[in-house]
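Please read the numbered points alongside the model.

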Amino acid sequence: MAAMLIGRAFKSAKSSHLVVRARSFCTTSAALKPDADGQSSESSSSSSSFTFDKETEKPIFVKAPNARKKNDSDSVTMPTSFMTGSIVGKKFYKTVTTREADDGNGWTVMLDYRTLKTPSKRPLKLRSVALAKAIAAEWEYQLAEGIRPFTMPLMKLACTALERVPLTRSKIIEHLLRKIHQDLVFFRAPEDNDLTSDVHEIQVERIDPLLEWVESEFGVKPNLYSSIFGGKQDEKLLKAVEELLKKTNDGELASIDALEASAHSVVIALGIYCGKLQIDDAIQLIRLEEDLQVDKWGLVEGGHDIDIADLKVQISAATVFLALSREN
């Protein structure tokens, strides 16, 4: 379901005739927070229904004003439980549209005549019309019996970029820099071991070109290691990566963080960010060792196939969100 929605969202974005542009600076050599109303995320997440707020903004009607109920609201706020992935209630709307924000800065999603809001009751103001249409597509294809956040990865990333990243930007960057020392692409299987020699050979073939890109992009040759506990990278590499991360906007940093979490690799995330890797390239590198095991011992139905499908959704969603976060 989620994979189908990603495909439709990307198709919707392409229909807007927008061109994805690489950032020019790519050529240079998670803390919990309380909700806006003061409640903790634990207490908020127990809610399984939508919260409607009274707002002073001008109503947006899609039907005659006298057809509205007296106590109806002009906005709909996502419960905090939306970010946990649990079903948050039945589908209560009929139409999904997009419109330019009232201040002309960004785009919003409308559920009938209600403006969609984030869990902390902020307007879901999106950077581009393409991103707004992609998220609208996720809402459009929800089933009547229940709204399922796990089929809406772009909506979740948008909430993260609007609410979490601005408050925890420095901590996210610190987290990513720590992860570099255990990066997936810096691990190298022993060459002189019969059990791992085939892994070593394919690592040299598939990963070495990416390592060469790292050296040319950041001006530092990365250190390789064979320990499962990771190694230690040069401080110059960390500094170069830090400078790159500081130049990102909130949507881009949210995408990089999500890519790293799924790939277990900051380098793969940055490779996608800088246009070095495409989605299929990244997935092949992430699953390199596991695919070798599947080829040797076979695929476990209900295990490997689900893992592959989930990985494709997570990497694709973050990559699409990254691209649409750069458009105006």
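1. In what follows, axes are lines fitted to C-alpha atoms, for helices over the stretch in contact, and angles run from 0 to 180 degrees between N-to-C directions. Helices (H or I, at least four residues) and strands (E, at least two) are DSSP runs, numbered from the N terminus. The model is a predicted one, in which local features need pLDDT of at least 70 and side-chain atom pairs count only at pLDDT 80 or more, while totals for chains, interfaces and linings use all residues. Residues are numbered from 1 along each chain as its sequence is written, and side-chain values use heavy atoms, with hydrogens and water left out.

2. Helix H7 (residues 250-263) packs with helix H8 (residues 266-273) at an angle of about 135°, their axes being 8 Å apart. The two are therefore oblique to each other; angles under 35 degrees count as roughly parallel, over 145 as roughly antiparallel, 65 to 115 as roughly perpendicular and the rest as oblique. The crossing of H7 and H8 is right-handed, a term for the near helix being turned clockwise from the far one by less than a right angle, anticlockwise being left-handed.

3. Contact here means heavy atoms within 4.5 Å. On the H7 side, Glu252, Ile256, Leu259, Glu260 and Ala263 meet Val266, Ile268, Ala269, Leu270, Ile272 and Tyr273 of H8. By class, this contact has nine nonpolar, no polar and two charged residues, where Ala, Val, Leu, Ile, Met, Phe, Trp, Tyr, Cys and Pro count as nonpolar, Asp, Glu, Lys and Arg as charged, and the others, Gly among them, as polar.

4. How many of the residues of H8 are buried? Eight of the eight are, so H8 is largely enclosed by the rest of the structure. Buried means under 20% relative accessible area, exposed over 50%, and partly exposed in between (1.4 Å probe, protein chains only). The cover over the buried residues of H8 includes helix H4 (153-179), H5, helix H6 (235-246), H7, H9 and H11.

5. Helix H10 (residues 288-297) has Leu288, Leu292 and Val294 as its buried residues. They cover an arc of only 160° around the axis, which puts them on the same side of H10; the arc is that of the directions from the helix axis to the C-beta atoms. These residues pack against helix H5 (197-218), helix H9 (279-286) and helix H11 (304-324). Just after H10, glycine 298 takes a positive phi of about 105°.

6. H5 and H10 pack at an angle of about 135°, with axes 10 Å apart. That makes H5 oblique to H10, and H5 passes H10 in a right-handed crossing. Asp198, Val199, Ile202, Gln203, Arg206 and Ile207 of H5 make the contact with Leu288, Glu289, Leu292 and Lys296 of H10. These residues divide into five nonpolar, one polar and four charged.

7. Two residues of H11 deserve a look. Threonine 319, placed in H11, counts as buried at 16% relative accessibility. Leaving aside neighbours within four places in sequence, threonine 319 is in contact with Leu259, Ile272 and Ile279. Lysine 312, also found in H11, counts as partly exposed at 44% relative accessibility. Lysine 312 and serine 262 are 50 residues apart in sequence and 9.6 Å apart in space, C-alpha to C-alpha.

8. Leucine 116 lies in strand S4 (residues 114-117) and, at 0% relative accessibility, counts as buried. From leucine 116 to aspartate 74 there are 42 residues in sequence and 9.2 Å in space, C-alpha to C-alpha.
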